[in-house]
Amino acid sequence: MDFEEGFNADWLQNKLNEQSSIIGRKIIFLKETGSTNEFADNLVKKGSEEGTVVIADSQTAGIGRHGRSWFSPPGKNLYVSVILKHPLPVNKSGLLSLMAAVASCSALNKFASLKTGIKWPNDVLCNERKLGGILTTLKSSGDFVKHAVLGIGLNINISRDEFPEEISATTTSARIETGAELSRKDIARELLANIDFWYKKLTSGEEEDIISTWTKLSITLGKKVTAKTADGFYSGIAEAIDDKGMLLIRLDDNSLKKISSGEIINLR
Ligand code: BTN
């Protein structure tokens, strides 16, 4: 099945086999599914191998972070999930989403000539509007990851009037930002090749490269932020991320607060 001229599992798999060794060993293209993350979760239960990729042209129940839905119309955007099985220490699992954000920004900046940046931990923004997001689900066994599903949604060719009203002021797409129709297949290929590159770094203990590239792409660090977390709101200057991807905020009383998960709701 082709999503558009030549954009199919065989093409992508051949391209990736030239460049990568883990991600894209098996690729499944779906015209429509509820959520590629859920589809991939079911594949994991059936024993699917590491590096399996699920791509859908549309999702009827795309899942976002913090219980939100992910707008997923057909023919426009990228909805991708990747199955990972390396027994990464659980305390480093936050780096999976960070590396996916790095991989997404680099692919967009290269193929769409965009200037995207990352809002901690893994929102892909362009001109202060959200262009892409990442949702990672994982199961652990003891202190190690048993399997993870890395879900990536990137708004590529959707135009402003196609967004639902409630997200249209805060969301954007590569096409809105560049004024040009872009090739989903080139961006998908680059994205998956990038994930392969960063995943190999992560699994071979070279995660400091992920941290330093994330830091270069960050639009959060150095800014005054308010973070919404499970145990309350914290305001201060976002100073850095640590080696596990946690955000370090210098609070107004000069103490340092480490945040492992949450949402930046205010960025100045
Ligand atoms: C976010 O809210 O920022 C995360 C959005 C993640 C969306 C992607 S699209 C592919 C994969 N399948 C899903 O249902 N969600 C993720």
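These entries record what I looked up on pockets, a cavity and helix packing in a predicted model.

**Ground rules.** I number residues from 1 along each chain as its sequence is written, and I leave out hydrogens and water, since side-chain values use heavy atoms. Local features need pLDDT of at least 70 and side-chain atom pairs count only at pLDDT 80 or more, while totals for chains, interfaces and linings use all residues.

**Entry 1, largest pocket.** I searched for pockets (on a 1 Å grid over the protein atoms alone, open sets of points with protein on both sides within 12 Å along at least five of seven lines). The largest pocket has a volume of about 1,100 Å³, a volume being the space filled by probe spheres set on grid points that are joined across faces, edges and corners. I then listed its lining (residues with an atom within 4 Å of a point). The lining of the largest pocket holds 45 residues, and Asp123, Leu125, Lys130, Thr170 and Thr171 lie nearest the centre. Elements giving two or more residues to this lining include helix H2 (36-45), strand E6 (129-141), strand E7 (144-154) and helix H4 (165-168). Helices (H or I, at least four residues) and strands (E, at least two) are DSSP runs, numbered from the N terminus. The largest share of this lining, five residues, comes from E6. I sorted the lining of the largest pocket by class and got 16 nonpolar, 17 polar and 12 charged residues. Here Ala, Val, Leu, Ile, Met, Phe, Trp, Tyr, Cys and Pro count as nonpolar, Asp, Glu, Lys and Arg as charged, and the others, Gly among them, as polar.

I found a volume of about 390 Å³ for the second largest pocket. Its lining has 20 residues, with Gly94, Ser97, Pro121, Ser260 and Ser261 nearest the centre. H3 (94-111) and E6 each supply at least two residues of this lining, and E6 gives the most, with four residues. By class I got seven nonpolar, 11 polar and two charged residues.

I searched the whole structure for cavities (sets of points where a 1.4 Å probe fits but cannot get out). One cavity of 30 Å³ or more turned up. The largest cavity holds about 30 Å³ of space. Leu84, Lys85, His86, Leu88, Leu96, Val145, Ala148 and Tyr199 line the largest cavity; by class they are six nonpolar, one polar and one charged.

I took axes as lines fitted to C-alpha atoms over the stretch in contact, with angles from 0 to 180 degrees between N-to-C directions. The axes of H3 and H6 (residues 184-203) come within 8 Å and cross at roughly 140°. H3 and H6 are therefore oblique to each other, as angles under 35 degrees count as roughly parallel, over 145 as roughly antiparallel, 65 to 115 as roughly perpendicular and the rest as oblique. I looked up contacts (heavy atoms within 4.5 Å). Among those listed are Leu95, Leu96 and Met99 in H3, and Trp198, Tyr199 and Leu202 in H6. The contact of H3 with H6 has 14 nonpolar, three polar and four charged residues.

The axes of H3 and H7 (residues 207-217) come within 10 Å and cross at roughly 55°. That makes H3 oblique to H7. Residues in this contact include Leu98 and Cys105 in H3, and Ile210 and Trp214 in H7. I counted nine nonpolar, three polar and one charged residues in the contact of H3 with H7.
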